[in-house]
Amino acid sequence: MPESGERFADRCRRCVVPALEAASLRADLPETVVIVSSTKGENFDLWKPALAFAGALHNPNPPVVISNACTSGVCAQIVTARLIASGRYKAAVVVGCDILTEFIRSGFEALKALSPNSCRPFDAQRDGLNLGEAVATMLFADEQWWQEQHPEKQTYWHYEAGSIHNDANHITGPSRTGEGSYRCLCDVLEGVDNQAITMIGLHGTGTLYNDEMESIALHRAGLSGIPANSLKGVYGHTLGAAGLLETILCLRALEEGVILPTQGFETQGTTYPVNVSNKSRTVENTNEMQFIKLLSGFGGTNAAVRYKRTCNP
């Protein structure tokens, strides 16, 4: 396996092991599956480092690789929830990782999507995205199984719904009407009052078309007034890790009663308003919260998940 593939596997392992130890979750059990989210294997097939990574965890099952452009991290959460709901597995180790390369940078450069400055999601002066690099891990478990294994541990967040749609608009450009994102939002909101949503974590790349599309999708779904944010002004677009990293940070901040700010935003720059702020905001009731994570990506892919907090810390 090329050196870049070895680095990929090692980064995944170094991120996951502390998470497993903190949660007292064993990855070497047959009821645990390993899922890897990534967008691009540069000079290596993604399944090879995924297999090496799963082997380093002594996991007996073949790993599952999710590679669906920039929605990979959210798609991985949805696939994980479906696998556990099917009864095939009781727990899952989900890790998102991408290693930036000249190939990736030049691709975004060719699309004139990169900003020479810090990106400004949803701002009137936005002029492109920044690329970032990260590894992020989420652990999932069947609730009943988890409580039997760890009666002393509480589950704070529950996966409630997930949806994936392809708007079939263009290989790189999003639907101008936000069709795919709108349909994802409608799916995860089925049976839920919009006002019950505490906040929405947006894709918010800082590009003209993505941010405009998301504002339209939110407007169509009746969510323009719900507090939202984009975190890409802090560390850039982390590709296959973005869906996981941004979900983790938003959920953790909500536990502290905080909605994280959208760095780089100053003046509303989309057709429809988006309720973002460059200042931290507080949540009054941290015991009853619902969170939506929304992403879109090349090839017309869109994905959303909804989580609910159902117990006190």
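Trp47, Leu51 and Val65 together form a nonpolar patch on the surface, with about 290 Å² of accessible area. Patches consist of residues with over 30% relative accessible area and no salt bridge, in which like charges are joined within 9 Å and nonpolar side chains (Val, Leu, Ile, Met, Phe, Trp, Tyr) within 5 Å. A salt bridge is a side-chain nitrogen of Lys or Arg within 4 Å of a carboxyl oxygen of Asp or Glu. Accessible areas come from the Shrake-Rupley method with a 1.4 Å probe, and for residues only the protein chains shown count as cover.

This is a predicted model, in which local features need pLDDT of at least 70 and side-chain atom pairs count only at pLDDT 80 or more, whereas totals for chains, interfaces and linings use all residues. Residues are numbered from 1 along each chain as its sequence is written, and side-chain values use heavy atoms, with hydrogens and water left out.

Because its relative accessibility is 31%, Val65 counts as partly exposed, a class between buried (under 20% relative accessible area) and exposed (over 50%), judged with a 1.4 Å probe and protein chains only.

E2 pairs with E1 in the parallel sense over three bridges, where two strands are said to pair if DSSP finds at least two bridges between them. Ile35 has Val64 as its bridge partner in E2 and Val94 as its bridge partner in E3. E1 and E3 run parallel and are joined by six bridges. Six of the six residues of E1 are buried, so the strand is largely enclosed by the rest of the structure. Thr32, Val34 and Val36 cover one side, while Val33, Ile35 and Ser37 lie on the other.

The largest nonpolar core has 33 residues, of which Ile35, Val94, Phe140, Trp157, Leu254, Phe291 and Tyr307 touch the most other members. Such a core is a set of buried Ala, Val, Leu, Ile, Met, Phe, Trp, Tyr and Cys residues joined through side-chain atoms within 4.5 Å. Among the elements that each supply at least two residues to this core are strand E1 (32-37), helix H3 (72-85) and strand E11 (301-309). H3 gives the most, with six residues. A second, separate core of 23 residues includes Val36, Ala50, Ala91 and Ile99.

E11 is mostly covered, with eight of its nine residues buried. The strand belongs to an open sheet of five strands with mixed pairing, in the order E5-E11-E10-E6-E7. E5 and strand E7 (228-229) stand at the edges with a single partner strand each, so one side of each has no neighbour in the sheet. E5 (residues 157-166) and E11 run antiparallel and are joined by nine bridges; Ala161 has Arg306 as its bridge partner in E11. E10 and E11 also pair in the antiparallel sense over nine bridges, with Gln290 opposite Lys308. These two strands form a hairpin with three residues between them, and Gly299 in the turn has a positive phi of about 80°. By contrast, E6 (residues 199-201) and E7 run parallel and are joined by two bridges.

Finally, Glu152 sits in the loop between helix H5 (143-149) and E5. Glu152 is exposed, with a relative accessible area of 55%.

Conventions: Helices (H or I, at least four residues) and strands (E, at least two) are DSSP runs, numbered from the N terminus.
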